[in-house]
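Colleague: I have a structure open on my screen and would like to go through it with you. Could you take a look?

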Amino acid sequence: MKRYFYTAAFVLTAIMAQAQSINFIKEGVTYNFPASLAGKMTFDGESVTVAGRTFSLPEWSLIKVTDSEVPSRTVEINYSENSGEVMVAGDIAPYIEVAVDKAHVTITQSELVSEATCGEITYILKGETTDGSFNLTGSYKASIELQGVTLTNPSGAALNITNGKRIAVSAKSGTLNSFADGDGSQKGVISCTGHLEFKGKGELSVKGNKSHAIYAKEYVEIKNLTLNIIDAVKDGINCAQYFLMESGNVTIASSGDDGIQASFKDDTDREAEDTGTITVNGGTLTVTTSADAAKCLKADADVIIGGGTLDLTSNANGVWDEKKLKTKASSCIGADGNVEINGGTLNLIATGSGGKGISCDGVFTANGGNTTIATTGGMLVYSNGSLNHNYTSSADRISSDYKSSAKGIKADSGLVINDGEFHITTATNNAEGLESKKSLDIKGGKIFVKAYDDGINSSNDLTISGGDLTVISVVGDGLDSNGNLNISGGYIRTMGSGGAEMGLDAATEAGYAVYITGGTILAFGGNNTYPSKSGSTQAFVSISGSIKADTEVTVKSGSDILATFTIPTEYTSSSSAHPGFAGMSKSDTRGFGNGPGGGGWGPGGGSGNGSLLISCPQLTSGSSYTVTNDGASTNSTAKLTSNGR
């Protein structure tokens, strides 16, 4: 006992004289006390107590004086291939217990840790091992600083945090850091029972060989960090409550499931953002998915885009859901709630069968941003126990549960565009540009749609009060409303394919109509649904003929040009068949002979190639105007309705 006492006294005298640190060392764990703390050591038999931490001298037999000092409230972990060296700052020594098994480090942070005791502790990770991990248990928020660390755990999570509070994970500027997992029951390579906040100007790479790459039982936030999820057997990022990206550069490749999934499973009354919402306000987010029916972004609630650049690619085919007995398709953005775009640049590509750019069960709303969507996947049909990923025949008589078509944007509860730019293309059978299962309302923005089937389709009323619209359909209608089609403003060019497919189409067979009360409109198709009820207050003119890309159509009153339209480069005639059947590919035969002139295949009778309707505020019902189409002029009398009233 006296030996330990005299040894400790000698060490204390040495460090006080030279202002050095005293280190208590055992099996890869060091507690580091600067001179200011070491001066308060007390001795009791065979133990030493310093800064509230008691060390048994027989157990902690190695006491060493060094010049090094661990920063206050910090734990440093240095990994090598077969070991993990842990350094604990003296001021937090009473609150930290460490266990080391080769390169597997487990730290238990005392429940006494709080702002009143020692405050937040920072854990610094360095080094490299192919068989190691970092495990942290606690009940108060903590920070993990990555200073160039590579951890692979072949038997579990590389970073496992059992702590229900906020855990800040920061990659130090200029460092490269990586984590990978292996067999085990872990939910992620990085797994946390609380919420994770990723930040820092360094780089972090994660590969999920067993499950998700990153899992948080609560929320995940990202700022500044460069995060590369190389692959994940399940989701790239899986979290409850919400996902929020403010800045940084995130790249996710998920071969097993969704890119990012924000889920929510209890009935607790919480703020909206805590209930399965994905929000992106800045940075660059690049996600690629390939698993059947996977989503790049999947939210149990809403998806809100306020800024940043999103490059989302879904290469996933649709599937047959045996439980729900319906087809299930993939999408770049999928939400059980609403989708709202307020800013940012979105580049969305869906190549799988039935794949969608954006799909939501709630309302889609756009208030800004620049969105480009391209779908190339075929129509998905389940029949006789098998899936057809490229169904090309008519699907009119197939139940909606047994089919899924590619769409640019599909919203089940309504679609509203107030502002923003959209460029949407679809390429296969039944693939539409914009589709709402309820009403569809366009109030502004610049919209280009070239769809294989209907360009813009609404199950209820379709209303346009502003915006710049160019809509082209290869085999369907340009604007197709299954309720009323109301146009009160905007600059509109809409081109159906011909035959029974129209530029303007309202469900007249159900008693609905087209109402024009404003706007500047060019509508071309095999026919058009013309205003037929007294609610229309702006006149229109119509002629028969065809249109060609890169040519002009004008309407004049004498020598005054009232409106000019350029047929877009992207427009191509669907067919060179009989004029009345140009582009016709559906069994639908509505619209023949209901043009102002009546009779025949074209709206004005005879053998015209199609119906061309023009409306603008300067037209007066009963007056004659000259319509020039690709240099050829035709006179037409303006009307408010198809019957001349």
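Colleague: Let's start with Asp235, then: which residues does Asp235 touch, leaving out those up to four places away in sequence?

Modeller: In this predicted model, Asp235 touches His212, Ala213, Ser254, Asp257, Asp258, Gly259 and Gln261, once residues up to four places away in sequence are left out.

Colleague: And is Asp235 buried or exposed?

Modeller: Asp235 counts as buried, because its relative accessibility is 1%, and buried means under 20%.

Colleague: Where does Asp235 sit in the chain?

Modeller: Asp235 lies in the loop between strand S22, residues 226-232, and strand S23, residues 237-240.

Colleague: Switching to the strands, in what sense do S15 and S18 pair, parallel or antiparallel?

Modeller: Strand S15 (residues 166-171) and strand S18 (residues 195-199) pair in the parallel sense over five bridges, and Arg166 has His195 in S18 as its bridge partner.

Colleague: What about S18 and S21?

Modeller: S18 also pairs in the parallel sense with strand S21 (residues 220-222), over three bridges, and there Glu197 stands opposite Glu221 in S21.

Colleague: What is the average pLDDT of the protein?

Modeller: The average pLDDT is 90, and 90% of the residues score at least 70. Over residues 1-8, however, the pLDDT is below 50, and this stretch has nine contacts in the model beyond near neighbours in sequence.

Colleague: And how many contacts does the model have for residues 575-608?

Modeller: For residues 575-608 the model has 78 contacts beyond four places in sequence, although pLDDT stays under 50 there. Where pLDDT is low, the predicted coordinates should not be read in detail.

Technical notes. Residues numbered from 1 in each chain as written. Predicted model: local features only at pLDDT ≥ 70, side-chain atom pairs only at ≥ 80, totals over all residues. Heavy atoms only, no water. Pairing = 2+ DSSP bridges. Helix = DSSP H or I, 4+ residues; strand = E, 2+ residues; numbered from the N terminus. Buried < 20%, exposed > 50% of the residue type's maximum accessible area, 1.4 Å probe, protein only. Contact = heavy atoms within 4.5 Å. pLDDT = per-residue confidence, 0-100.
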